[in-house]
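Subject: Structure handover

Hi,

Here is the structure I promised to pass on. Please open it and keep it beside you as you read my notes below.

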Amino acid sequence: MTAAIAAPFPYFGGKSRIAAQVWERMGRDCVNFVDPFAGSCAFLLAAPSHITTRTINDADGYIANFWRAVASEPDAVAKWLDWPVIEADLFARHVWLLKQRETLSDRLHTDPEYYDAKIAGWWCWGACAWLGSGWCSGEGPWSVENGAIVNIRDGDAGQGVNRKLPHLGNAGKGVNRKLPLLGGAKTGINRQLPHLGDAGRARIDWLISYMRRLAAVLRNTRITCGDWARIVQPSVTTRNGITAVLLDPPYGVGEMDYSAGNNHNGDVAAEVWRWAIENGANPLLRIAVCGYEDGRATPPGWSVMRWKARKGYQTDTANSHSETVWFSPHCLPERAPMLFEQEA
């Protein structure tokens, strides 16, 4: 098992804490990997080196663009990511990013080689600085029109942003938390270093090195942006050999603390579960389905791993003790019962 690389941005429901244990259930003879709900790519970043074919997907254009850009031009993403957290910039960049959403999605779907490093860097920077839910969700009331801040709830305008403080925790989030200590300064996002002198050079050098490590992981990874069902077809899965299909769909309940996806769309989770049950007996498929323990019946031959997630920013912690992973019959048996706690 190769050492996992930490994800560059926080993501609600990320599975980095249990990724290694899930991979143990896939086995050494598994050579193909499919992740239809990539998000922060916790499973990809923990994938063993013997997995030779890898395909990830996310319906969120910002996420798909980020991973495409890192794979193709990591130094450019690092350049756009390298910026101190300034509240006014957080608002201005948030508005600007939302205005790119429609054209970004179109270009990602029509050109398999398209990416925008600036959008990738600014989106990741904001995801690390943003506190709570709503980053690039388009659900807020504020926008900028003709150089003025306006409340779009008063008119017929489209998507807007919320106005809130950036994350001012001592450790920050995502990339901001991982930046090295330079000149004795703390690394919290409220005390980040400017792009000046030796400290600034060391900072950008570290970011470039980190993004290049991510790019190396992505080099043999196919990245798609669209409906999850497209990449669980035989042409992507079993025709490439024994395949790990790691399914972490929106659960349909709970708060979306970091990501902007449609978490309250329970239909997706139900569709994923149906597909998993219908295909679980295939000896070439090793399927892991993530979700909340909700009373569903565990199919014959399937096994269950339960783990404890931390609450993050949620005020309702009722679901924090019901995280579950269901494994299809051809997954390897669990070595010993374990209880994991998800990192915030």
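Asp82 and Arg203 form a salt bridge, with their closest N and O atoms 2.2 Å apart. A salt bridge here is a side-chain nitrogen of Lys or Arg within 4 Å of a carboxyl oxygen of Asp or Glu. The model is predicted, so to speak of a local feature we need pLDDT of at least 70, side-chain atom pairs count only at pLDDT 80 or more, and totals for chains, interfaces and linings use all residues. Residues are numbered from 1 along each chain as its sequence is written, and side-chain values use heavy atoms, leaving out hydrogens and water.

Back to that pair. Asp82 sits in the loop between helix H4 (74-81) and H5, while Arg203 is in helix H9 (residues 197-218). They are 121 residues apart, so the pair links distant parts of the chain. Helices (H or I, at least four residues) and strands (E, at least two) are DSSP runs, numbered from the N terminus. Both Asp82 and Arg203 are buried. Buried means under 20% relative accessible area, exposed over 50%, and partly exposed in between (1.4 Å probe, protein chains only).

The salt bridge count comes to eight. Here are two others.

- Lys99 and Glu145 meet at 3.3 Å, N to O. Lys99 is in helix H5 and Glu145 in strand S3 (residues 142-145), 46 residues apart. Lys99 counts as partly exposed at 44% relative accessibility. Glu145 is partly exposed too, at 33%.
- Glu293 pairs with Arg306, their closest N and O atoms being 3.1 Å apart. Glu293 lies in the loop between strand S7 (285-292) and strand S8 (303-309), and Arg306 lies in strand S8, so the pair ties together parts 13 residues apart in sequence. Relative accessibility is 29% for Glu293, which counts as partly exposed. Arg306, at 47%, is partly exposed.

Now look at helix H5 (residues 87-99), which holds Arg93. Setting aside residues up to four places away in sequence, Arg93 touches Trp80, Trp83, Trp122 and Trp125. Contact means heavy atoms within 4.5 Å.

Trp96 is also in H5. At 28% relative accessibility, Trp96 counts as partly exposed. Beyond its neighbours within four places in sequence, Trp96 is in contact with Lys118, Ile119 and Trp122.

Next, helix H3 (residues 61-72). Ten of its twelve residues are buried. Among them are Tyr62, Phe66 and Trp67. The expected span is 1.5 Å times one less than the number of residues. For H3 that gives 16 Å, and the end C-alpha atoms are 16 Å apart, which agrees. Asp60 caps the N-terminal end: a side-chain oxygen lies 2.9 Å from the backbone nitrogen of Tyr62.

Last, the interior. A nonpolar core is a set of buried Ala, Val, Leu, Ile, Met, Phe, Trp, Tyr and Cys residues joined through side-chain atoms within 4.5 Å. The largest has 77 residues, and Trp23, Met26, Phe66, Trp67 and Trp123 touch the most other members. Helix H7 (residues 117-129) gives the most to this core, with ten residues. A second, separate core of 18 residues includes Phe37, Ile231, Trp275 and Trp302.

Best wishes

Terms used: Polar contact = N/O pair within 3.5 Å; in protein donor to acceptor, adjacent residues only side chain to side chain.
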